[in-house]
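Please keep the sequence and the structure in view while reading.

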Amino acid sequence: MRLIDLHCDTLAKLAKPYGRGTILENPYSVDLVRLEAADSLIQCFSTFFHSGRYPGPVREKLAFRKAQQRIDLFEKQQKYCGGRLLWIRSRGDIARCRFEHKTGALLTMEDAVPIGGRMENLTHFYERGIRLITLTWNYENAVGYPNSKNASVMEKGLKPFGLDLLAQMEELGIIADVSHLSDGGFWDVVKNSGKPFVASHSNARAVTNHPRNLTDDMIRAVAQKGGVIGLNFCPLFLGCDGVSSISHMLRHISHIYRVGGEDVLAVGTDFDGIKGTLQIPGVEKMELLLDALKKHNMTQRVIEKMWWKNALRVFEEVL
Ligand SMILES: [Zn+2]
């Protein structure tokens, strides 16, 4: 069965000075050889770089340079794949992956800090191939505020530039991602977006009370907007104390399914960005979750939606 994973941090691993292997084959959780074995249709690759805590021009300049370097790295790495890994920049590219049975890579920007409050930078990164932007990471940026245990931060909405950016992203065809965002920012996206958006790698807060997860109202809102929620394998968000277990994944999937319906389910592993003991340590083992879902009486139709059809629907609507 084809698979779309909305989030991994493998590029950050490959970018390290002591990084081993390539995007074709490496010792981390995601590479093309294993994506092909898992019948992957699209793997989203984050271009994230940790640029520090404090908003301002110094951090934005650094983040801008690092985002460029990540995209350069992807371009270089793609060459190791001899045409087997297609870069997804349009609906046409997705169609090619489907009908030529290839794997696609979609580049995402996790944290809009490289844009730094300048709309021309958004255009620049669109031209460089970014097709999904996670509006914040865990710190304030020019767009808004992060998820937080501090209620006064959590309730803050998008900044005026964040609202402009959201509108311009839709105009260009870039998917908005609310994972990591404050609750106030989330609701501003709901109010102001005209297209489906995603929570690329988040789970259910009713199951695990963590600010990175979504409340039931949020799950329903994503579903109503036609968006999707990618299941995150991080032990902390699954609520399983250092071990990312399939049984905990099933709890979150069941809850999100019950609250948001079958059209909101998706996968956003966070491979290579999470710590702990992983029962599914890499994309080659995704079939373990597939088998568990079947045993859990999820129908083939719903599994296919979660595995790739729902995310595909969002990509085709926005790109
Ligand atoms: Zn993340």
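Leaving aside its neighbours within four places in sequence, with which residues is Thr208 in contact? The model is a predicted one, in which local features need pLDDT of at least 70 and side-chain atom pairs count only at pLDDT 80 or more, while totals for chains, interfaces and linings use all residues. Residues are numbered from 1 along each chain as its sequence is written.

Thr208 is in contact with Asn203, Asn213, Phe237, Leu238 and Gly239, a contact being a pair of C-beta atoms, placed from the backbone, that lie within 7 Å. Thr208 itself is found in the loop between β7 (198-199) and α9 (216-224); helices (H or I, at least four residues) and strands (E, at least two) are DSSP runs, numbered from the N terminus. Between Thr208 and Leu238 there are 30 residues in sequence, yet their C-alpha atoms are 6.3 Å apart in space. Thr208 counts as buried because it has 20 C-beta neighbours inside 10 Å; the term requires 20 or more other C-beta atoms within 10 Å of the residue's own, whereas 12 or fewer make a residue exposed and values in between partly exposed, with C-beta atoms placed from the backbone.

Burial also marks strand β2 (residues 40-46), where 7 of its 7 residues are buried. Strand β1 (residues 3-5) runs parallel to β2 and is joined to it by 3 bridges, pairing being assigned if DSSP finds at least two bridges between two strands. In this pair, Leu3 stands opposite Ser40. β2 also pairs in the parallel sense with strand β4 (residues 103-110), over 5 bridges, and there Gln43 has Ala105 as its bridge partner.

In soluble globular proteins, nonpolar side chains tend to be buried together. Not counting residues up to four places away in sequence, Ala176 touches Ile133, Leu135, Leu166, Met169, Val189, Ser193 and Phe197.

Ile219 also takes part in a helix contact: together with Asp216, Arg220, Val222 and Ala223 in α9, it meets Ile256, Val259 and Gly260 in α11.

Key: Contact = placed C-beta atoms within 7 Å.
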